[in-house]
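Here are a few exercises to work through with the model open beside you. Try each task before you read its solution.

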Amino acid sequence: MEIKFEGEHLFAGQIGHLAVYSAFSFSIVAAIAFFISSFSKEEEKQKSWLQIAQLSFFIQVAAVLSIVVSLFIIIQNHWFEYYYAWSHSNKALPPKYLLACFWEGQEGSFLLWMFWNSVLGCIIIFTLKKGKAGVLSVFSVVQILLSSMLLGLYFFEYKIGSNPFSLLRNEMQNAPIFKRADYLSFIQDGNGLNPLLQNYWMVIHPPILFLGFASTLVPFSFAMSGLMNRDFSSWAKPVLAWSLFSCAVLGTGIMMGGAWAYESLTFGGYWAWDPVENASLVPWLIMIGGVHTNLVFNKTGRSLRTTYIFYFLSFILVLYSTFLTRSGILGNTSVHAFTDLGMSGQLLIYMAALSIPAVILLVVFWKRIPSIEKDEQVFSREFWIFIGSLVFLISALQITFTTSIPVWNKLFGTNWAPPVEPVDHYNKFQIPIAIIILLLAATSLYLKFKKSDMKQFAKRIGTIAIIALAASMVIAIIAQLNEVSTLALLYAACFGVAANLFYLAIVLKGKMRLSGAAVAHFGFALMMLGILISSAKREVISFNSAGINFGSNFNEEQQRANMLLYKDAPVRMKEFTVTYTGDSAAPPNYYYKVNYEIFDSASGKVKEKFTLYPNAQINPKMGLIANPDTRHYATKDVYTHVTSVPDKTKDKEKQAEEKKFTDHTIALHDTFFTTNSYVVFENMQQVTKSDKVEIKGDDLAVEAQLMVKKMDGKSYEAKPIYFIHELQGFYYDDVIDELGLTFRLTKIMPEEKKVILSVAEEKPKDDWIVLTAIVFPFINLLWLGTLITITGFIISMVRIWQKKRLSSTVS
């Protein structure tokens, strides 16, 4: 029994613990009962076991909801006696981000996954008329495995799962503070939410993404049920709508992730081929392939075996991505990966427990799965849909292979390095694949199942090809595109846009009810056009014209692309006049106000003006955390993010240690330049008094007298001293704070009548920021294309449901 320390709120945690154990236990009961019902031959026995199974599943659902409510109450009330609340939240966190705390940790994300599985399972219980026991038996097994991730119990020496209701004093029981009954009086606040996750996208993106992950279980469960019950084909029709739903939701989640990266991360884009990004993309690609082969089977009786493979792979790859992102194996190769909580072995068991039976069943019943031995007609829709699905598979395999390099190193003892330039590496493979998919998606709609009219096909495609060629040439000339791969992708995207618009307008005559495929394909072509133009013509408008060295954290490209802005000092960036006007200085906001103005060349008056508020803060654990801000136009985005700000927390001694000096060998009256001024060596003399050092006895002090002049004419004096005491030399630097310059008299060479004067340049101690500004032309085509693609999935899904409702009404 828990000892009640002062101020603890144990009741919510006790409810949570009970709910975790209940969810695990009743998932087991539900799985067993569903299995018995599925395999039972007697109708009465089948019904009675199904009732037991459904009741157990509903109790499991209630338990999951209890876990969710209990954990949210703990987080909302800032009960930091619970390790999860202490680790992921704090009192300063705005209420709108409390939900993000819920799923920041591994336990919360597993719970979110369980929640969506429960919702989908309930929908299946109420809507599926035939075969629900087999489908839900697989669902219940998955719930067993997921709930085990929350148990936090020891089996001998091995810990099963991590419980979100564990108390802080139990997790850190060796700390002396937890020997006190009043330990909570010393814990005033929690660790807080990762600053990168303090964004509205992180409140809505994870639930949608995990609904997408959960939805891949539905086709997997249908396919598994079909094999287990030797009913190899009847499941393919009812599952298609679910597969389209999965494509729509998972695609939406991926799009939201890209939007979050664009608005919150500072790599200057929306997709960086990060391993965790790839882990969500691959199951989506495979699911799209499965939807197409599923459609082929429903229309022609072909490709059922391939459909099994795609649906199995889609869910297995979700499990694999879970292992990658939560086992710690990715290390530092991803900014999104979770730290390892010691559940790597459990995650592998989870993956094996579902993938091995699927593979065994597929191998055992391979020959009994219906198939048509006669080859398809080459000029038929099903043939090219099958080829397109294989191209999706190749795309997924290439991404998975490269993403899994840390896994291959672990398995085979190799030392392969991930790509140094991941974007270039992946694009090298994925651009040709995108070209093929665009062309296949555009042309396949003009073919018919089984046999096509090739004369009509050739006439239509020929016309579209000419239109696409003309459009792509115009765009290439205006945008000055000349790379072969870029031009090929441009033509394929224009071909896709033209072909699908033609199909919607001429072939379908605007019948939106039938337009799902054409709308999705049109959206995909538009999306690729947006990606191409916004990437190829992406323009960095900030430029380090002063040649300032921003430090080792900036690579060569970043050194050129960043610009130093002093407060209230306008600078020119292309057509914009940009002025940094101050910061909020109010944590946790840390917003920096940057004004953009466009002046009319004729009148000299301001033609347009807007203000951006990029966010930046120096985090003690993570360094600079920055969130960009963007001005959205119909035809472009002006994207701004801060890359460096003054760290006012550093003490002066530490700053002095970090200064880097540049030596200048000069004679009297020589001149040399710094990045923001020029320096004249006016005189050098021995001094007997100085405010820098006490001079006495045999000490020798030599002072250099420097005149420092800014480019605007403002002058400063600097007087560094070289001091000799008891035959040892010492430097006494002189600092001009306003210019960020430190002068040191390093060496005197009397024979050559020269000295070595060293200068350290740092950003001035008055108010400043370093920022990058980028223009993304026509990036809205990407977002619009993605939304249209998802709309296409939804149209197809709704049409299937309408047909099903109509057929059930007629029967």
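Some ground rules: buried means under 20% relative accessible area, exposed means over 50%, and partly exposed is in between (1.4 Å probe, protein chains only). This is a predicted model, where local features need pLDDT of at least 70, side-chain atom pairs count only at pLDDT 80 or more, and totals for chains, interfaces and linings use all residues. Residues are numbered from 1 along each chain as its sequence is written, and side-chain values use heavy atoms, with hydrogens and water left out.

**Exercise 1.** Work out how the side chains of E556 and R560 meet, and where the two residues lie.

*Solution.* Start with R560: at 42% relative accessibility, R560 is partly exposed. E556 comes out at 61%, so E556 is exposed. Next, check the pair: their side chains form a salt bridge at 3.5 Å, N to O (a side-chain nitrogen of Lys or Arg within 4 Å of a carboxyl oxygen of Asp or Glu).

**Exercise 2.** Find the salt-bridge partner of K609 and say which parts of the chain the pair links.

*Solution.* The partner is E597, with the closest N and O atoms 3.9 Å apart. The pair links distant parts of the chain, with K609 in strand 8 (residues 606–612) and E597 in strand 7 (residues 592–599), 12 residues apart. Now compare the two ends: K609 is exposed at 51%, whereas E597 is buried at 16%. Counting over the structure gives 11 salt bridges.

**Exercise 3.** Describe the largest nonpolar core, then look for a second one.

*Solution.* A nonpolar core is a set of buried Ala, Val, Leu, Ile, Met, Phe, Trp, Tyr and Cys residues joined through side-chain atoms within 4.5 Å. The largest has 187 residues, and W113, F220 and Y350 are among those with the most contacts inside it. Helix 10 (residues 236–264) gives the largest share of this core, 18 residues. A second, separate core has 24 residues, including Y580 and V638.

**Exercise 4.** Where does S303 lie, and is S303 buried or exposed?

*Solution.* S303 is in the loop between helix 11 (275–300) and helix 12 (304–326). Its relative accessible area is 13%, so S303 is buried. Leaving out residues up to four places away in sequence, S303 touches T293, V296 and F386 (contact means heavy atoms within 4.5 Å).

How values were computed. Helices (H or I, at least four residues) and strands (E, at least two) are DSSP runs, numbered from the N terminus.
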